[in-house]
Amino acid sequence: MTIFLLGAFLLSMICGLVFTPLILDFCKRKKLYDLPSERKVHKNAIPRLGGISFFPSMMIAFAIMLLYFTYSGNKEIAFNTWSASYIMGVGIIYLTGIVDDLVGLKAKSKFFVQIITAFLLPMAGLYINNLYGLFGIDFIPYYIGIPLTIFVLVFIDNAINLIDGIDGLAAGLSLIALTGFLLYFIHYGVFMHTYSILVAGLMGALIAFLYFNLFGRADRNTKIFMGDSGSLSLGFTLGFLAVKCAMDNCNIWETRPEAVIMPLTLLFVPTADVVRVTLYRLRHGRPLFDADNNHIHHKLMRTGLSQHQALAFILLLAIGFIILNSLLYPLLSSTIIVLIDIILFCLINVLINSRLKVLS
């Protein structure tokens, strides 16, 4: 199976490396730039449509691998209603993101589309039906699981969208999470091959994007941002993978006590940050859908870190939580681990705030 995952990864990466220069030229001709502002950290006009390459690159790689398996008579790759609901949903989210990048959409309009799109997964029978003892909750009936699933999908989608504030951050955090999901699905073997190939393809597209995003130069028209077409597509995909992992389905895999703590761990930093920002806005009476500069990367840069230093700090923080939870899981319950994560994240923010007070 390794050769097919590598094939999907390389095919998607090559597509991204081919598509992105074409997107850059299109943005230059049409003058489609993300302009500097007081809230934004970049100082130059940068093309913002890099995420347009994600979905096509991933799907081209996936389709080629699927055709190869079908042609060779291999039955290990199954395209079922869950896969179809994901592709339909991410396609709608992707198009919504493109429209927002090109002409702009109100936050409430995007939120409405996210809710409608998230409903596609429960309609296909994919929803969270077990919390495996987290906060003392096990089996969840469908009338609770369906709205919970919609909430989780929309929440993760917005978390990735909102944390996309500096070079490489949303893509880097997503790449870490996707790597975790890929290794987890590989561990469970044949029934997860379809999702493993999708994940490998998206990882290849992200590597291609990061090359231009981190190392490109605005003066040479080689630097690009992902825009909402990319961040919303990434968020929906990660939400789908989290729900897919969490669902208890004995036809696919046995009941796994780590099925909820695993996606929580992989997505902890972006989701914890959006919860903190939301609570801050509620506390200070600010509109929930308005943008601000209170995310963790903004605060780190106000302490004096550069963009790349803030990026490295947050990525290492995400990896640190993954390592910590992996060490704690055999010893403690999921509930205790989540509480420890929350306390540590709060302490880190207290230290950052203390540093900001000293500097002010």
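Reader: Is Phe135 buried, partly exposed or exposed?

Author: In this predicted model, Phe135 is partly exposed, with a relative accessible area of 47%. That value falls between the 20% limit for buried and the 50% limit for exposed.

Reader: Where is Phe135 placed?

Author: Phe135 is in the loop between β3 (130–134) and β4 (137–139). Its phi is positive, about 55°, although Phe135 is not a glycine. Most residues other than glycine have a negative phi.

Reader: And what is the phi of Asn221?

Author: Asn221 also has a positive phi of about 55°, and it is not a glycine. Asn221 sits in the loop between α8 (193–215) and α9. At 17% relative accessibility, Asn221 counts as buried.

Reader: On to α9, then. How many of its residues are buried?

Author: Helix α9 is mostly covered, with 20 of its 20 residues buried. The helix spans residues 227–246 and reaches 29 Å from its first C-alpha to its last, close to the 28 Å expected.

Reader: How far is Gly227 from Ile98 in space?

Author: Their C-alpha atoms are 8.2 Å apart, while the two residues are 129 residues apart in sequence. Ile98 is found in helix α3 (residues 81–102) and is buried, with a relative accessible area of 16%.

Reader: Which residues does Ile98 touch?

Author: Ile98 touches Ile52 and Ser229, not counting residues up to four places away in sequence.

Reader: What about Thr117, buried or exposed?

Author: Thr117 is buried, with a relative accessible area of 2%. It lies in helix α4 (residues 107–118). Leaving out residues up to four places away in sequence, Thr117 touches Gly89, Ile92, Ile93 and Phe236.

Reader: Let us change topic to α11. How many residues does it have?

Author: Helix α11 (residues 268–283) has 16 residues. From first C-alpha to last it reaches 22 Å, close to the 22 Å expected. Gly285, whose phi is positive, near 65°, follows α11.

Reader: Which helices do the buried residues of α11 pack against?

Author: They pack against α6 (142–162), α7 (169–187), α10 (261–266), α12 (296–302), α13 (307–328) and α14 (334–359). The buried residues of α11 include Phe268, Val269, Asp273, Arg276 and Arg281.

Reader: How do the axes of α6 and α11 cross?

Author: The axes come within 9 Å and cross at roughly 90°. An angle of 65 to 115 degrees counts as roughly perpendicular, so α6 and α11 are roughly perpendicular to each other.

Reader: Which residues meet there?

Author: Phe155, Ile156, Ala159, Ile160 and Leu162 in α6 meet Pro270, Thr271, Val274 and Val275 in α11. The residues of this contact divide into eight nonpolar, one polar and no charged.

Reader: Which residues does Val274 touch?

Author: Val274 touches Phe155, Ala159 and Leu162, not counting residues up to four places away in sequence. At 6% relative accessibility, Val274 counts as buried.

Reader: How far apart are Val274 and Lys357?

Author: Their C-alpha atoms are separated by 22 Å, and the residues are 83 residues apart along the chain.

Reader: Last topic: how many residues are in the largest nonpolar core?

Author: The largest nonpolar core has 106 residues. Those with the most contacts inside it are Phe54, Tyr86, Leu178, Phe181 and Leu238. In soluble globular proteins, nonpolar side chains tend to be buried together.

Reader: What does Phe181 touch?

Author: Phe181 touches Leu238, Leu241, Ala242, Cys245, Met262, Pro263 and Leu266, not counting residues up to four places away in sequence.

Definitions and conventions: Residues numbered from 1 in each chain as written. Predicted model: local features only at pLDDT ≥ 70, side-chain atom pairs only at ≥ 80, totals over all residues. Heavy atoms only, no water. Helix = DSSP H or I, 4+ residues; strand = E, 2+ residues; numbered from the N terminus. Expected span 1.5 Å × (residues − 1). Buried < 20%, exposed > 50% of the residue type's maximum accessible area, 1.4 Å probe, protein only. Contact = heavy atoms within 4.5 Å. Axes fitted to C-alpha atoms, helices over the stretch in contact; angles between N-to-C directions. Parallel < 35°, antiparallel > 145°, perpendicular 65-115°, else oblique. Nonpolar A, V, L, I, M, F, W, Y, C, P; charged D, E, K, R; others polar. Core = buried A, V, L, I, M, F, W, Y, C linked by side-chain atoms within 4.5 Å.
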